[in-house]
Amino acid sequence: MTRPGLPKLIATDLDGTLVRSDDTVSAYTHGVLDRVRAAGIPVVGATGRGPRLTELTRNDIRAADFLVMAGGGRVVDQSDPAGPLVLRDERLRGEVLAQLLTDLEAAVGPLTVMVEASDEHDAPLWGDYHPSWPYPDRFEARSRAECLSCDVIKAFARTADHHVDDLLAAARRIVPPEVATLTQAGLGFVEICPPGVDKATGLSVIADQLGVDPADVLVFGDQPNDLPMFGWAGWARVAVANAHPDVRAAADEITLRNDDDGVAVYLDRLLSR
């Protein structure tokens, strides 16, 4: 249920929610987010994108005071006059990921696996390329052994035979939450993150720093990796019309599609009422 007045913190997912299908963010959306900040409400960009895509992320949500990246594993305070301050940086140990993948393949069959290991600007993913992956220019083929030789920010896995939601359900039956956090973000891959890492725990780092209660937080999203913050935030949970059915079911309200600037339209009305 939406609460009266204005929220004290606003967080929005990017791809599929704030960012349109052509990978752009409208001038209208940027302008509305500037008005949110001018009203004294901090803005958070909450995304599955890893820190290697920080500059792209900052360009897509220029008004953001904070970034929750890598699905919650990297949290950055951009409001510090001295420069961006990393508040959280979590990794998944390579040997833990190796055992997890062994257990998962024993149950579901061979996996296509990619890992995100580097936080350098535009660093590639490593692993087994799959033609469904939408970003071939940021990929480097490496053996499974190489991919598992270091700690990773997150990993991506898929099979030839499972729908991603079915693979996610199977993986959650096999992999305990204290070993890894499993989700999916609409890319056709199960995403494997460090234990305790999701957008809710990432946002809680920011809320604690600001002294904001989760009951005063408004969130927007479209994919299952947004569900933890939908369960955590209490002012309102808003899905865009193009959202995954599970996200729509968890939402208090549905706004317009991402391609119709649904987040900005909702916030414009909120600020104007």
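Predicted model: local features only at pLDDT ≥ 70, side-chain atom pairs only at ≥ 80, totals over all residues.
For sorting residues by class here, Ala, Val, Leu, Ile, Met, Phe, Trp, Tyr, Cys and Pro are taken as nonpolar, Asp, Glu, Lys and Arg as charged, and everything else, Gly included, as polar.

The largest pocket comes to about 730 Å³. Its lining is made up of 30 residues, and those closest to the centre are Asp15, Gly16, Asp23, Tyr135 and Leu187. Sorted by class, the lining holds twelve charged residues, along with nine polar and nine nonpolar ones. As for secondary structure, helix α2 (54–60) and strand β9 (154–158) each put in at least two lining residues. The pocket sits between two domains, because domain 1 (7–88 + 196–270) and domain 2 (92–191) both contribute to its lining.

Next comes the second largest pocket, with about 210 Å³ of space. Here 19 residues form the lining, and Arg172, Leu182, Thr183, Pro224 and Asn225 are the closest to the centre. Seven of the lining residues are charged, seven are nonpolar and five are polar. Four elements each supply at least two residues to this lining: helices α5 (164–174) and α7 (227–232), plus strands β10 (181–184) and β11 (190–193).

Conventions. Residues numbered from 1 in each chain as written. Heavy atoms only, no water. 1 Å grid on protein atoms, 1.4 Å probe; cavity = no way out; pocket = protein on both sides within 12 Å on 5 of 7 lines; lining within 4 Å. Points joined across faces, edges and corners; volume = space filled by probe spheres on them. Domains from an automatic or database assignment.
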